[in-house]
Amino acid sequence: MANREQAKQQRRDEIVNAARTLMQKTGKAGFSMRTLADEAGVSIATPYNLFGSKQAVMFAVLDADLEQYQVRLERLRADEVDVFFKAVSLAAEFYATEPNFYRAVLLSVYNDGGSEFRSMFSGPRHAMWKRLVDNAIAAGALSRDVDAAAFAVHLGNVLFSCILEWVHGQLSLDELEARGQYGFALALSGMSSPDSGERLRRRVISSQKRMRTLFRQRARSPGQANGSKR
């Protein structure tokens, strides 16, 4: 049984890697499941049997990157407050490495609008944000009145709304980062403890200043929304 499961996981990995390769080549997710199966060297039925849909394959690609993201986030030197803002910066850095690829895969998942998209706010992503919220509560940075699970959902929604604007070419990665951090600062300051309240208020103000600077830059260079993060 163990060997069978290992072989199944190997085929899943081959399909995920094939999907990544195809999108890296074209910057699009418009390939067919037959093309994907050919690239992975499996039968046309295999991707459907293992994933159920093309959108599920795309989401598996994001899940593979999420593991790398979480490893890098754990290695960052940040306290229970700063980690939220560094998490936003790290997301922007990830997207900057392969912007066309990430736009393609996120659009594919989002346009489906089904269970794969809803998974953006559940599972390991939700668990990651909830863990950060729990740590902030335990450290006394957030009020103990905070419902960690509900707050984690809100943070995920805030960041993903900024990501979608970037995906659709409405924000640059610098703007994504600034708006995401501003949204986080507002949410965190609203439920901060007395010890962290002033610190988060300063975060709100500094984020506002950065957003105004980026807005002025956009006014001078309207096409910058497609630019990469510095």
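How much accessible surface does the protein have, and what share of that surface belongs to carbon and sulfur atoms? The accessible surface comes to about 11700 Å², of which 49% belongs to carbon and sulfur atoms, with areas taken from the Shrake-Rupley method and a 1.4 Å probe.

This is a predicted model, in which local features need pLDDT of at least 70 and side-chain atom pairs count only at pLDDT 80 or more, while totals for chains, interfaces and linings use all residues. Residues are numbered from 1 along each chain as its sequence is written, and side-chain values use heavy atoms, leaving out hydrogens and water.

The protein has 11 helices and zero strands, where helices (H or I, at least four residues) and strands (E, at least two) are DSSP runs numbered from the N terminus. Helix α10, at residues 173–190, reaches 26 Å from its first C-alpha to its last, close to the 26 Å expected (1.5 Å times one less than its number of residues). Because 13 of the 18 residues of α10 are buried, this helix is largely enclosed by the rest of the structure; buried means under 20% relative accessible area, with a 1.4 Å probe and protein chains only.

Some values for the whole protein are listed here.

| Property | Value |
|---|---|
| Span of the C-alpha trace along the principal axes | about 60 × 50 × 30 Å |
| Buried share of the 230 residues | 46% |

Among contacts (heavy atoms within 4.5 Å) with a separation of 6 or more, 68% are accounted for by residues 24 or more positions apart.

Note on methods
Buried < 20%, exposed > 50% of the residue type's maximum accessible area, 1.4 Å probe, protein only.
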